[in-house]
Amino acid sequence: MKKVIFSDIIYHLYLCGVGMGISYNKLWKLLIDKKLKKKFLLEEAGLSRSTLTHMNHEEHVSTESLMKICRALQCDIGDIVEITYEKE
């Protein structure tokens, strides 16, 4: 059985003509609740400044980057991202 990963789901939605966006509002709220700064993501999760910039602009980042954040914050991917979509 093929393992389905996050990017496969996004690609499938794209093929179906569904416009997608991504929101990191859950991540920003989680950082505030834990009294952490975005600098934590650079230092503890090992994100690059460019990845953080993409996230600040609500742009897609790699699944690997999201997993790094989840490991550092000890949370699930659903705790940090939300997929937004609308039919085109």
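Where does Ser23 lie? Ser23 sits in strand β1, which covers residues 18-23. As for its surroundings, the side chain of Ser23 makes a polar contact with the side chain of Asn25, at 3.2 Å. Leaving aside neighbours within four places in sequence, Ser23 is in contact with Glu58, Ile80, Val81 and Glu82.

Now the chain as a whole. There are five helices and two strands. Along the sequence, the order is α-β-α-α-α-α-β. The chain has 88 residues, and 32% of them count as buried. Its accessible surface comes to about 6300 Å², with 54% of that belonging to carbon and sulfur atoms. On contacts: taking those between residues at least 6 apart in sequence, 65% join residues at least 24 apart.

Last, confidence. The average pLDDT for the chain is 84, and 75% of the residues score at least 70. Which element has the lowest mean pLDDT, and which the highest? Helix α1, residues 6-15, has the lowest, at 62. Helix α2, residues 25-33, has the highest, at 97. Where pLDDT is low, the predicted coordinates should not be read in detail.

Note on methods: Residues numbered from 1 in each chain as written. Predicted model: local features only at pLDDT ≥ 70, side-chain atom pairs only at ≥ 80, totals over all residues. Heavy atoms only, no water. pLDDT = per-residue confidence, 0-100. Helix = DSSP H or I, 4+ residues; strand = E, 2+ residues; numbered from the N terminus. Polar contact = N/O pair within 3.5 Å; in protein donor to acceptor, adjacent residues only side chain to side chain. Contact = heavy atoms within 4.5 Å. Buried < 20%, exposed > 50% of the residue type's maximum accessible area, 1.4 Å probe, protein only. Areas by Shrake-Rupley, 256 points an atom, 1.4 Å probe, with all protein chains shown as cover.
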